[in-house]
Amino acid sequence: MSPLQLSSCRDVVDLVTEYLEGGLPPDERLAFERHVAICPPCRGYLSQMRRVQQVAGSLSDDDVPERLRASLLEAFHDWKTTQR
Amino acid sequence: MKLEARARAVDPENVELESRLVDALRGGDERAFASVVDRYTPTMLRLARVYGVTAGAAEDVVQETWLRVLKSLDRFESRSSFRTWLFAIFANCARNRAGSDRRSVSVSTLDDAADSGIDESCFFAPQHPRWAGMWTTLVDSWETVPDERLLAGEARANLRTAVEALPARYAAVCVWRDIEGWSGDEVCGLLDLSPENQRVLLHRARTRLRAALEEYVSQVA
């Protein structure tokens, strides 16, 4: 692959994480952005990858199973009692 | 700041807040403990399988981790962040449990033969005289899909299932990077990965999650 020219959409797909991670060298980053600027499907793919990160990040709000949570809080209470 | 918010704000660079959180735990503040349990337990449950722990044993490992944390709180020093310390304890508990079950998984090795997760039929073949490597299909940017829909219960449940279906080493990187928001350097240190391998695993994970979400979006669109 020429450093200043991404030859195909398949290359963009392979490099998308490297791009989002800021790991591409400047010339490849520029080539990536030039390709995406003129290629609607690759622009769509890049947008999808960003939305995936957004939805994945929202999973950090998942709840703890109630029985486990109650058991842990009880354990904390017991530990606290033994500290005194 | 409320303790619940304080726990969520814990960050390796925010030593003072973290120090106050640890002081609250040492002082027996139950709300502080509940907040860290709520913050980190779902991640432990997700990651237990990365260490080879069976689904049935995951809650036991989580219980053991928190008990060890409480017993070791006096020995915690601010040289590492609370979460790094917590997950080091979790990893030890999980490895011990998995070791006894002989099911441990190596995260640090990269299976180069693994498929990329890309549907190659979406691209013209490399031999194509004019369109080699170009898309054969349209790719929707999902710009018309509102955030509320993607962040709603059903889409999140879909993605949660996709994370659970990831190979363990992909899940490890994905959970810490994209769900927990750890930096690449932190994840490399925790999993003993090179930066290159960490990025490859993250790429393969995200590629699969995108495919799963695309399938969901196409069904509900």
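**Figure 1. Salt bridges between chain B and chain A in the predicted model.** In this predicted model, ten salt bridges are counted between chain B and chain A, and 24 residue pairs, both members at pLDDT 80 or more, are in polar contact across the two chains. The elements that give two or more residues to the side of chain B that touches chain A include helix H2 (15-26), helix H4 (55-72) and helix H10 (195-220) of chain B. By class, the residues on this side of chain B divide into 28 nonpolar, eleven polar and 22 charged. In terms of contacts, 61 residues of chain B meet 45 residues of chain A, and the area buried between the two chains is about 4800 Å², with carbon and sulfur atoms giving 60% of that area.

**Figure 2. The salt bridge of B:Arg177 with A:Glu21 and its network.** The closest N and O atoms of B:Arg177 and A:Glu21 are 2.7 Å apart. Because B:Arg177 lies in helix H8 of chain B, whereas A:Glu21 lies in the loop between helix H1 (9-20) and helix H2 (26-38) of chain A, the pair joins two chains. B:Arg177 is buried, with a relative accessible area of 13%, while A:Glu21 is partly exposed at 24%.

**Figure 3. The salt bridge between B:Glu59 and A:Arg67.** The side chains of B:Glu59 and A:Arg67 meet with an N to O distance of 3.4 Å. B:Glu59 belongs to helix H4 of chain B and A:Arg67 to helix H4 (residues 66-83) of chain A, so this pair joins two chains. B:Glu59 is partly exposed, with a relative accessible area of 23%, whereas A:Arg67 counts as exposed at 63% relative accessibility.

**Figure 4. The salt bridge between B:Glu30 and A:Lys80.** Here the side chains of B:Glu30 and A:Lys80 meet at 3.3 Å, N to O. The pair joins two chains, because B:Glu30 lies in helix H3 of chain B and A:Lys80 in helix H4 of chain A. B:Glu30 counts as partly exposed, at 33% relative accessibility, and A:Lys80 counts as buried, at 17%.

**Figure 5. The salt bridge of A:Glu18 with B:Arg199.** In this pair, the closest N and O atoms of A:Glu18 and B:Arg199 are 3.1 Å apart. Side chains of opposite charge can pair when their charged atoms come close.

**Figure 6. The contact between domain 1 and domain 2 of chain B.** The domain assignment places residues 4-98 of chain B in domain 1 and residues 112-220 in domain 2, and the C-alpha centres of these domains lie 28 Å apart. Twelve residues of domain 1 are in contact with 16 residues of domain 2, and about 1200 Å² is buried between the two domains, with carbon and sulfur atoms giving 55% of that area. B:Arg46, B:Arg49 and B:Arg83 supply 44% of the area that domain 1 buries against domain 2, more than any other three residues. Two salt bridges are counted between these domains; the side chains of B:Glu180 and B:Arg39 meet in a salt bridge at 3.3 Å, N to O. The elements that give two or more residues to the side of domain 1 that touches domain 2 are helix H3 (30-47) and helix H5 (82-101) of chain B, and the largest share, five residues, comes from H3 of chain B.

Technical notes:
Residues are numbered from 1 along each chain as its sequence is written. Chains are lettered from A and ligands numbered from 1 in the order in which they are written. This is a predicted model: local features need pLDDT of at least 70, side-chain atom pairs count only at pLDDT 80 or more; totals for chains, interfaces and linings use all residues. Side-chain values use heavy atoms; hydrogens and water are left out. Domain bounds come from an automatic or database domain assignment. Contact means heavy atoms within 4.5 Å. Buried area is the accessible area (1.4 Å probe) that two parts lose on being put together, summed over both. A salt bridge is a side-chain nitrogen of Lys or Arg within 4 Å of a carboxyl oxygen of Asp or Glu. Helices (H or I, at least four residues) and strands (E, at least two) are DSSP runs, numbered from the N terminus. A polar contact is a pair of N or O atoms within 3.5 Å; within protein, one must be able to donate a hydrogen and the other to accept it, and residues adjacent in sequence count only if both atoms are side-chain atoms. Ala, Val, Leu, Ile, Met, Phe, Trp, Tyr, Cys and Pro count as nonpolar, Asp, Glu, Lys and Arg as charged, and the others, Gly among them, as polar. Buried means under 20% relative accessible area, exposed over 50%, partly exposed in between (1.4 Å probe, protein chains only).
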